[in-house]
Amino acid sequence: MRNLVAVCLALIGGLMQPVAAMAEPREFAITAAPELREAGILEFLLVRFTLKTQRRATWADAGADLHLHPGGPVPVMRRGDLVYGLALRTDNPAAARFADWITSDIGQAMIADFTPDDGVGFAPAAGLAVQATGPVFVGDTEKGAVLAQDHCGRCHTVNPATRMTGIGSSPSFAALRALPDWEARFMAFYTLNPHPALMRVKGISPPFDPLRPPPIVPVLLTEAEVAAIQAYAETVDPADLGAPIQHQ
């Protein structure tokens with residue numbers, strides 16, 4: 001009898017695995033610099049990505065899961081002196097899969113293989129440093145300072161006033177600014193753990209799971225408020241930590 005129960009449970013588990021796999025999003029929204037779409041390189045790449053992974057992209061003007069523009073925090077390709085980088089704006093796993101693919105050796109080789117109908121070609125750029133051309137984030141820095149103190153200050157030291165109210169294990173804004181990938185971290189901060197458990201961005205984040213309610217009063221932000229916090233973070237002076245930063 002026990003063996004029969006074990007077999008039944010194994011069969012049920014096997015049947016549920018495809019269902020769980022199907023539950024994972026296989027579509028993501030992307031926005032990109034107009035010249036990339038006009039050149040045809042994104043269609044070239046996305047067709048190959050879809051064939052490889054059975055995940056597809058849709059174009060979006062706002063609320064996209066992934067952005068690909070000049071000066072983006074994660075370099076992907078270059079054309080002449082201009083470097084295009086991507087930024088994940090949500091926790092959509094299909095978008096993360098594309099980000100991993102396009103920065104992999106295979107994705108970079110595909111970029112090198114593309115030949116535009118006219119104009120300068122593209123070259124791989126994964127690992128290159130993005131040349132700063134001005135502020136990374138555009139937003140209301142004064143409003144961002146207030147929002148950061150009110151919301152981020154629950155856990156992080158965002159300024160001297162929150163030095164004693166944060167959580168010791170949470171890095172300060174100054175320490176985060178000292179990281180080489182600080183732009184990418186702040187670009188998608190609301191998708192990085194543990195933020196999804198207690199934070200939502202209107203029009204971007206999915207609703208909270210009713211079975212896993214937020215452990216504290218949740219933080220609810222608009223896209224403009226996110227931009228304001230990001231713009232404020234850029235004004236914070238990086239901490240002088242002395243030695244190279246070791247982080248996970």
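These notes go through the predicted model above, point by point.

1. Basis. The model is predicted, so local features need pLDDT of at least 70 and side-chain atom pairs count only at pLDDT 80 or more, while totals for chains, interfaces and linings use all residues. Residues are numbered from 1 along each chain as its sequence is written, and side-chain values use heavy atoms, leaving out hydrogens and water.

2. Overall make-up. The protein has nine helices and eight strands (DSSP runs: H or I of at least four residues for helices, E of at least two for strands, numbered from the N terminus). Of its 248 residues, 37% are buried (under 20% relative accessible area; exposed is over 50%, partly exposed in between; 1.4 Å probe, protein chains only).

3. The sheet. Six strands make an open, mixed sheet, ordered β2-β1-β3-β5-β4-β6. Strands pair if DSSP finds at least two bridges between them. The edges are β2 (56–59) and β6 (123–124); each has a single partner strand, so one side of each lacks a neighbour in the sheet. β1 (residues 27–32) and β3 (residues 66–70) run parallel, with three bridges. T31 has H67 in β3 as its bridge partner.

4. Cysteines. The whole structure has zero disulfides. C152 counts as buried because its relative accessibility is 12%, whereas C155, at 25%, counts as partly exposed.

Technical notes. Disulfide = S-S within 2.5 Å.
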